[in-house]
Amino acid sequence: MTNSYAAAGVDTAAGDLAVELMKAAVSRTHGPNVFGGFGGFAGMFDVSPLKAYTRPLLATSTDGVGTKVAIAQALDKHDTIGQDLVGMVVDDIVVVGAKPLFMTDYIACGKVVPSRIADIVAGIARACADTGTALIGGETAEHPGLLGPDDYDVAGAATGVVEADALLGPDRVADGDVVLALESSGLHSNGFSLVRHILAGASVSYTSISAELGGVVGEALLEPTRLYTLPLLRLLGSAGPQGFDGAPEAADRGAAASAAVTSAGSPVPAAAIHSISHVTGGGIAANLARVLPLGSWVEVDRSTWSPLPVFRVLGELAGSTLESAEGTWNLGIGMILVVDPRAAAAITAALEGDGIHTWQVGVVSTLARDFTGFEQGAKGVDGGAVRLVGAYAG
């Protein structure tokens, strides 16, 4: 019997090759604040610019992409799941008004297949570049016997910074504020256990062809999560000192887009955005309620949008209504902004200019009323009350 790591199912040479394959993609996310280069035991980031802040607050988030990875594994398509991870982690940071600084990732797998790991990390790196976030570290762990040879899971964590007096949240929200919806690209990374249950019950495989979805079912379901970070940071650009340079590519694109927004009209005052909700697990009502003050309420008007085809197809396969999935899927809304009504039109125009369809779905009220049928707060937050009303547009 050979007592070696290889005999136990761990291939360190494959791990080293995976690192070499991902090195270039990761290095492209490194701006001047990344210290120490690639491959150290710890990623390092120069935070000297924090000296320019009056009261810098660090924001951190960690997440994964859930069972969406099962579809990537079934199709042997791994180049988009990394963007899902960045969307789940980094877009949680911008919700408080913070600029993301750096991220680390963790991949657990049954067997290291270097090209597969490189595809996953390349997707993470591209999305980090697209959000101005440095990918400064990560870990790939081989778990033979615990995970199958083709199984893996991904997770990540990121850190950002915001000036204390620029922190977004319920305390900024006022009666009459306008609620804006930002369109999602699809399911993003939530509710895939329900998706897989529906497909299994309807005997639909990931490789089936769907005219309604425009091609292979699994590929439509793998549509990557839309990234909102840079467009939102541009709107929040005057919210205190930054001093941190993100990925060079993202910085170049951001400068061009910012100039385009400014030339199209007067810049949007950063103070006009009062709170932001990232619509992830729990759906629209629960996530919006988390960023509203206690005693306030919003009725989100379903008639203002038509849920994307992927939601309608899944609802039809399940024999259920879209309303019944409102606590699970985003139904076409990936982010929600609560804003000063005087700036709502300018904010909408700026986001539309960035290619993000944006529209008004409701107005904040603080009038006393019965909250029966409303979602009130969520995930331990004693927030406002939200319910969806009306019928979805056709």
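Modeller: A crossing of two helices is left-handed if the near helix is turned anticlockwise from the far one by less than a right angle. This model is predicted, and the crossing of α5 and α10 in the model is left-handed.

Colleague: At what angle do helix α5 and helix α10 pack, and how far apart are their axes?

Modeller: The angle is about 50°, and the axes are 9 Å apart. Helix α5 covers residues 192–201 and helix α10 covers residues 309–318. Angles from 65 to 115 degrees count as roughly perpendicular and those under 35 as roughly parallel, so α5 is oblique to α10.

Colleague: Which residues of α5 and α10 meet?

Modeller: From α5 they are V195, I198 and L199, and from α10 they are L314, L317 and A318.

Colleague: How many helices and strands does the protein have?

Modeller: It has eleven helices and 15 strands. The chain holds 394 residues, and buried residues make up 50% of them. Among contacts between residues at least 6 apart in sequence, 85% join residues at least 24 apart.

Colleague: How should I read a nonpolar core?

Modeller: In soluble globular proteins, nonpolar side chains tend to be buried together. Here the largest nonpolar core has 71 residues, and L221 and L288 touch the most other members. Helix α4 (residues 114–130) gives the largest share of this core, seven residues. A second, separate core has 25 residues, including V94, L233, L337 and I347.

Colleague: Which residues does L288 touch, leaving out those up to four places away in sequence?

Modeller: L288 touches V179, S277, V298, V300, I336, V338 and V386.

Colleague: Is V279 buried or exposed?

Modeller: Buried means under 20% relative accessible area; V279 has 1%, so it is buried. V279 sits in the loop between β10 (273–278) and α9 (283–289). Beyond four places in sequence, V279 touches N190, I284, N287, N330, I333, G334, M335 and I336. The C-alpha atoms of V279 and T328 are separated by 10.0 Å, with the two residues 49 apart along the chain.

Colleague: Where is T358, and is it buried or exposed?

Modeller: T358 is in strand β13, which spans residues 358–363. With a relative accessible area of 4%, T358 is buried. A polar atom of the T358 side chain lies 3.0 Å from the backbone oxygen of I356.

Colleague: Which residues are in contact with T358, apart from neighbours within four places in sequence?

Modeller: They are L180, A181, L182, T348, L351 and E352.

Conventions. Residues numbered from 1 in each chain as written. Predicted model: local features only at pLDDT ≥ 70, side-chain atom pairs only at ≥ 80, totals over all residues. Heavy atoms only, no water. Helix = DSSP H or I, 4+ residues; strand = E, 2+ residues; numbered from the N terminus. Buried < 20%, exposed > 50% of the residue type's maximum accessible area, 1.4 Å probe, protein only. Polar contact = N/O pair within 3.5 Å; in protein donor to acceptor, adjacent residues only side chain to side chain. Contact = heavy atoms within 4.5 Å. Core = buried A, V, L, I, M, F, W, Y, C linked by side-chain atoms within 4.5 Å. Axes fitted to C-alpha atoms, helices over the stretch in contact; angles between N-to-C directions. Parallel < 35°, antiparallel > 145°, perpendicular 65-115°, else oblique.
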